[in-house]
Structures are given as C-alpha cells and as structure tokens.
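User: Got a model open here and want to walk through its packing and bonding. Can you take my questions as they come?

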Amino acid sequence: MTFEDYLAFAIFILLWAGFSWASDGRRGFKRVSLTRLMNENRARWIRNSLNRDLKMIDTQIIAGLQNGTAFFASTTIFALGGCFALLGATDQVQMIFNDLPQIFRSGRTGFELKVGGLTCLFGYSFFKFGWSYRLFNYCSILMGGIPMTADMTRDPQAAERAAERAIRMNVLAAKHFNAGLRAIFLSIGYLGWFISPYVFIVLTVFVIFVLVRRQFFSEARTALIEEVQ
C-alpha cells in the first residue's frame, strides 16, 4: 500500500459521504433532489389511501418494493461469495496481474486488503438491503392499521397520525434501500483500485458524476418537477 492508495481511498470515502449527505432527501437545496421529490410522492400515495377502503393497491405497491429489495439483498450475497473466492485464489490472480503491463503492482498484502475492503462494501450493502426489507414489512403492517373511511370520519386526527407513521416508515425504508444501492454503484469505482489508485480516483469521480446527474439533472427528476408544477 502506497501513499497514493491511501489518498485514493480517502477521496473515495469523502465523495461517498458527501454525495450521501447531499442526496438523502432532507437537504433544502434550491435544486431539489430526485430522492426528495419521490419522498413527497410516497407521502401523497399513503395519504390517498385514507380515502379508499380497498387497500389492495397499497399492498401490491408494498409487495413490489419488498421484492426489489429482496433481489438486491440476494445479489449482494453472491457478490460476497465471489469476494471470499477471490481471497482464496490470491496467488492465481497475482500471477495474472503480473503479466499485465499496465497493472499497478501492489503485492499480496495490498491485494488482500483491497479485496477485504470490497467485501466490507458488499457486506454494508447487504445489511442496508436487509434492514430496508424489514422496514417495508413494518410499513405494510402500519398500512394495515390505517382506519377505514367510515372510521376516519369519526376520528380524522387519529387516521392522519396513522398515515404519517406509515409515511415515515416508508421513507426510512427507502433511505436504507438507496444507501445499499449507492454502495453497489460505488463498488464499480472501487474495482479500479485493483488496477491503480489513479484509475480508482477517476472511476469513483465518474460514478459520482453519474449519480449526481441522476439525482439533480435527470429526465426522471424533470418529469416529477413538471408534475408538481
């Protein structure tokens, strides 16, 4: 491990933390993020459920969110298995790297540390997806506790409080899902570290650029802004 390696890793952590801070949907920037706009639509959806007795639409939406979260949780398990397999084949991988002229040779210990970091990255993603799945499950229970239309007319404040609890749980589940998905995206930049710390920096900046564009300048964001207007 060289000074360039430590510098590249520090830049990776800073960019990750900075983007997470800017795009978590709670920052009151002049340019609203896609996450914040979607949080507002989540709240609109759950408040609309107060006006209908049949909750089949809501349960289908929750089921779809849970299925997507479960898919990514399973994917990270396979990725973790691949990382452990890579650790077991360190000698073979090092032989392949040594035959490539453009590879930044870091040695066995450095390679194992990098694989360990990649394993931690996928482990973090798995825990985020797993917790998000559990929170969506809690949200479905809270949705079931929202009063029927007839009961809402008798105690509208209690019904609104029940809806707000479901909204907060749904937004929190989405926050953890986004954190896990963000880690998977950033793992693409992390792979550049196996070539060179400079490639690591370039790929990380590129991934962050793509994520920033999707959050603040994408067509999906424009569609939601136009809907609000």
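User: Cysteines to start. How far is the sulfur of Cys83 from the closest cysteine sulfur, and in which residue is that sulfur?
Analyst: The distance is 9.4 Å, and the partner sulfur is in Cys120. Keep in mind that this is a predicted model.

User: Is Cys83 buried or exposed?
Analyst: Buried, at 3% relative accessibility.

User: And Cys120, buried or exposed?
Analyst: Exposed, at 57% relative accessibility.

User: What does Thr119 touch, beyond its sequence neighbours?
Analyst: Leaving out residues up to four places away, Thr119 touches Leu80, Cys83 and Phe84.

User: Switching to the core. How many residues are in the largest nonpolar one?
Analyst: There are 22. Phe12, Leu118, Leu121 and Tyr190 have the most contacts inside it.

User: Which elements give two or more residues to that core?
Analyst: Helices H1 (3-23), H3 (56-88), H5 (108-144), H7 (156-190) and H8 (197-216). The largest share is from H5, with five residues.

User: Back to Leu118. What is in contact with Leu118, neighbours within four places aside?
Analyst: Cys83, Ser187, Tyr190, Leu191 and Phe194. Tyr190 is also among the residues with the most contacts in the largest core. Cys83 turns up in the contacts of Thr119 as well.

User: OK, charges. How many salt bridges in the count?
Analyst: One. The side chains of Arg47 and Glu164 form it, with 2.9 Å from N to O.

User: Which parts does that pair tie together?
Analyst: Arg47 is in helix H2 (residues 34-48) and Glu164 is in helix H7, so the bridge links parts 117 residues apart in sequence.

User: How accessible are Arg47 and Glu164?
Analyst: Arg47 is partly exposed, at 40% relative accessibility. Glu164 is partly exposed too, with a relative accessible area of 28%.

User: How far apart in space are Asn48 and Thr119?
Analyst: They are 42 Å apart, C-alpha to C-alpha. In sequence, 71 residues separate them.

User: Next, Ile62. What does Ile62 touch, not counting residues up to four places away?
Analyst: Trp45, Phe136, Cys139, Ser140 and Asn170. Ile62 is in helix H3. It is buried, with a relative accessible area of 3%.

User: And how far is Ile62 from Met1 in space?
Analyst: 46 Å between C-alpha atoms, with the two 61 residues apart in sequence. Met1 is one of the residues in the nonpolar surface patch.

User: What is Ser23 in contact with, neighbours within four places aside?
Analyst: Ser33, Thr35, Arg182 and Gln215. As for Asn67, its C-alpha is 24 Å from that of Ser23, and the two are 44 residues apart in sequence.

User: Ser20 too, then. Is Ser20 buried or exposed?
Analyst: Buried, with a relative accessible area of 19%. The cut-off for buried is under 20%. Ser20 is in helix H1.

User: What separates Ser20 and Gly145?
Analyst: 32 Å between their C-alpha atoms, and 125 residues along the chain.

How values were computed:
Residues numbered from 1 in each chain as written. Predicted model: local features only at pLDDT ≥ 70, side-chain atom pairs only at ≥ 80, totals over all residues. Heavy atoms only, no water. Core = buried A, V, L, I, M, F, W, Y, C linked by side-chain atoms within 4.5 Å. Buried < 20%, exposed > 50% of the residue type's maximum accessible area, 1.4 Å probe, protein only. Helix = DSSP H or I, 4+ residues; strand = E, 2+ residues; numbered from the N terminus. Contact = heavy atoms within 4.5 Å. Patch = residues over 30% accessible without salt bridge, like charges linked within 9 Å, V, L, I, M, F, W, Y side chains within 5 Å. Areas by Shrake-Rupley, 256 points an atom, 1.4 Å probe, with all protein chains shown as cover. Salt bridge = Lys/Arg side-chain N within 4 Å of Asp/Glu carboxyl O. Disulfide = S-S within 2.5 Å.
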